[in-house]
Amino acid sequence: MSKKNLEGFAKPVSREEIPVPVDVGLDDGYAAVKLAWYGPDGSIRTFSVPSRARQGSMGVGSLFGDDGTMGGYETDGERFTVSPGLEGEVTRFPEYNMSSLARILAHHALIASGFAGKEVRIASGLPLDRYFRNEKEGKKKDEVRISRKIESFARPVKRLDGGEMARIVHHEVFAQGLAAVVDWLVTGREIRSQKDPIGVVDIGGQTTDISVIGPQFKASHGHLRTCDLGVLDVRDILGRRIQSSHDVDKISDAALDEAMTTGKTRLWGKDVSCLSECQDAIREIESRLANEILAVFGKEASGLESILFVGGGSHVFRNLPKRFPNAKVLDSPEFANARGLLKALSLSGKR
């Protein structure tokens, strides 16, 4: 990509010049939906909501609360309630990105971030093993799966309070590992030089994408892997260990959130420490992730220009980057894919 391609990209604009529709990078993760878009001054704004929804209206007909993070929706004849405090439906299934649950959560994130009644062009992602498919002559884009995701997001969704939805007028799908590299290389109107391949470790809720991306954003198909390990595995282990240590039958999502964030939670009417259980759970999954990363990069890790650690799991598995001298943890790594998707969409030139 040359500087010529960057003409007009990420140029600071006045409020009157904000393009309609608005470009939005949308990372519809198993644990959270993250959004990124350009503000009036050309800077990137971000927003996130937990991926928690349950079937049924549960008496909720509108968005409410100071942050507008709760609401009721209907799609394909099913009603859903979205709220960060809910015991959410399971998102950890292979076709999640094509599901009515993912569709509801994506639309909810757009509304909660202020895009109700507005036209948006979105870019979303797919894990590498679902974006590419194996063929005799090599891996190619899985056009069928990409089309299915676009079609799924285009299906009608309505708010139960009758309010306006965001109107998706254009949707492109990119590979998540490539999006993270776009975020790293493209800064404002400039693009970093890249001489050697870049490794990407994208740690999400359900999966970790490990890839090697050469110059000109070319994926090395011999170095692509999506492994079913992520932050939600830590939550599962932590939940079981807290149950065992403190003699409880069930741990709520809210209690696990607190335990993961602070190392303590409230049980039996008391504040209890679960720091050791949390650290043990992180170490267990971290060790397995390290083996997966080394299996992909192998002895070539030292020849990589950088190894980018992105995704919300980069906050959790803080010791992983320390194993690699060329590791870089991006700023706000949980938004790296959303920012990269936004930049890729803006650079694609499609309208």
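## Around F317

In this predicted model, F317 touches I203, G230, V231, V234, I282, I285, E286 and L289, leaving aside residues up to four places away in sequence (contact: heavy atoms within 4.5 Å). Residues are numbered from 1 along each chain as its sequence is written, and side-chain values use heavy atoms, without hydrogens or water. Local features need pLDDT of at least 70 and side-chain atom pairs 80 or more, while totals for chains, interfaces and linings use all residues.

F317 and F297 have the most contacts inside the largest nonpolar core, which has 36 residues (buried Ala, Val, Leu, Ile, Met, Phe, Trp, Tyr and Cys joined through side-chain atoms within 4.5 Å; buried is under 20% relative accessible area, 1.4 Å probe, protein chains only). At least two residues each come from β14, β15, α5, α6, α7 and β19 (DSSP runs: helices H or I, at least four residues; strands E, at least two). Helix α7 (275-297) gives the most, with nine residues.

Another core, of 30 residues, lies apart from that one and includes A53, Y96, V157 and M165.

## The sheet around A53

A53 stands opposite V82 in β6. Three bridges join β4 to β6 (residues 78-82), and these two run antiparallel. They belong to an open, antiparallel sheet of four strands, ordered β4-β6-β5-β10 (pairing takes at least two DSSP bridges). At its edges, β4 (53-55) and β10 (158-159) each pair on one side only.

Helix α1 (residues 100-115) packs on this sheet, touching β4, β5, β6 and β10. The direction of α1 makes about 135° with that of β5 (71-75) (angles run from 0 to 180 degrees between N-to-C directions of axes fitted to C-alpha atoms, for helices over the stretch in contact).

Key
Buried means under 20% relative accessible area, exposed over 50%, partly exposed in between (1.4 Å probe, protein chains only).
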